[in-house]
Amino acid sequence: MIIQMAKRTLSHTDLRLLWKFAVNFGLKGMLSVQRFKRRIKRGVWFPPFLYISITSACNLRCTGCWADVSAPPRHLGLDDLNRLIASAKRHGNSFFGILGGEPFMHPQLLDVLAAHPDCYFQVFTNGQFLTDDVAARLRALGNVTPLISIEGNEPVSDERRGRSNVFPHTMRGLETAVRHRLITGVATSVCQNNIADLLTEAWLDELIRRGVTYVWFYTYRPVGPQPAPELALTPEQVLRVRRFCVEMRKRKPIGIVDAYWDDQGHALCPAVTGISHHIGPGGDIEPCPIIQFAGVKITDNSGDIFKTIAEAKYLADFRKTVASATRGCVVLERPDLLRELVAKHGLRDTTARQTALSELAAMKPRTSQHNPSNEIPEEHWAYRFAKKHWFFGFGAYS
Ligand code: SF4
């Protein structure tokens with residue numbers, strides 16, 4: 001499978017972009033995790049991966065979205081973004097996830113990417129702004145992969161994303177990205193109305209045929225002002241997602257990403273392990289994108305993000321308290337515990353809508369990726385090796 005995947009990637013992607021990916025994400029990413037491991041041995045927690053919501057503006061209105069897309073848009077300014085990235089780079093970070101809203105609606109996104117040629121950026125996008133001009137700029141920069149979200153077939157996409165013609169418009173963006181030989185990914189938050197269409201071998205084969213390099217499967221989180229809990233998966237369906245990823249990794253020449261399980265199939269929460277944290281469009285530092293509470297901002301300590309995160313007591317308490325409660329998602333399994341942490345540390349509701357606490361109070365506990373005694377270990381050596389060394393509990397659960 002690896003040779004097939006290498007052949008496919010080499011034939012579909014610009015070699016200069018592959019080199020940038022291999023160095024800025026692969027090599028430097030691995031070194032940043034090694035530095036992270038050494039730091040936590042000294043009791044210093046600063047994540048090697050930061051996910052940054054650079055804007056809350058979006059042209060779609062997805063069910064289950066936590067970003068304040070209906071409120072007046074908030075953007076992180078170019079100076080703040082450059083200072084944040086430069087500060088993290090000083091501690092070995094080279095990979096950054098760029099989220100929104102819709103990041104391509106941020107007027108200075110391309111300037112941020114251009115300002116850091118020594119880094120690698122994964123832009124989480126609905127694909128609707130991936131025009132020929134934009135794709136040509138991304139190819140010229142070479143340090144960015146668009147991860148395009150597809151949430152269902154045509155009718156489901158319109159229903160789920162609150163607009164019409166969503167699917168064909170997104171697929172046009174995907175086709176443009178591939179045609180410009182970008183390393184292109186497709187992300188799906190698997191839920192009740194897309195699992196039958198998108199968690200299938202046929203869909204993976206379709207993406208392979210279209211030149212997609214990798215896919216990322218999440219499981220739906222019923223959060224935000226329109227949580228639609230009826231879309232959430234059952235425990236059996238979450239296991240099906242896991243089993244499908246493990247099985248297809250052995251057989252399909254396409255990269256398959258998940259952020260919920262280690263090499264042994266034990267569940268984990270990236271925010272609890274400390275491998276990643278989130279920066280909101282207001283500059284707030286949150287455990288993860290769907291936990292919209294914070295006590296510190298990127299502008300604290302004159303923009304020294306390392307000092308601010310390493311000294312943030314609520315992040316340390318979040319990691320310790322949640323790890324002792326579950327290996328799964330605290331938002332789903334223990335919204336009560338999260339409310340206690342918010343109250344204990346006097347955390348700010350970071351949303352423009354100021355309803356995050358009442359949304360949390362209305363949440364009913366449900367299962368997540370943690371399903372003890374139903375662990376499914378990785379079966380492909382490459383994924384087993386990568387997870388064993390660079391994506392596991394990092395001691396948070398022991
Ligand atoms: S709290 Fe839940 S959504 Fe957030 S990183 Fe952890 S598992 Fe993921």
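**Charged pairs in a predicted model**

Let us start with Lys387, which is buried at a relative accessible area of 7% (buried means under 20% relative accessible area, exposed over 50%, and partly exposed in between, with a 1.4 Å probe and protein chains only). This is a predicted model, where local features need pLDDT of at least 70, side-chain atom pairs count only at pLDDT 80 or more, and totals for chains, interfaces and linings use all residues. Residues are numbered from 1 along each chain as its sequence is written, and side-chain values use heavy atoms, with hydrogens and water left out.

The partner of Lys387 is Asp258, and their side chains meet in a salt bridge (2.8 Å, N to O); the term stands for a side-chain nitrogen of Lys or Arg within 4 Å of a carboxyl oxygen of Asp or Glu. Here distant parts of the chain are linked, with Lys387 in helix α17 and Asp258 in the loop between β7 (255-257) and α11 (270-273), 129 residues apart. Helices (H or I, at least four residues) and strands (E, at least two) are DSSP runs, numbered from the N terminus. Asp258 is buried too, at 5%.

Next comes Glu378, whose salt bridge with Arg249 has its closest N and O atoms 2.6 Å apart. Glu378 sits in the loop between α16 (356-362) and α17 (381-390) and Arg249 in helix α10 (residues 235-251), so this pair ties together parts 129 residues apart in sequence. Glu378 is buried at 3%, and Arg249 is buried at 1%.

Arg210 and Glu206 also form a salt bridge (2.6 Å, N to O). Arg210 is partly exposed at 30%, as is Glu206 at 22%.

Finally, a network of salt bridges includes Glu201, Lys250 and Glu379. The count comes to 29 salt bridges.
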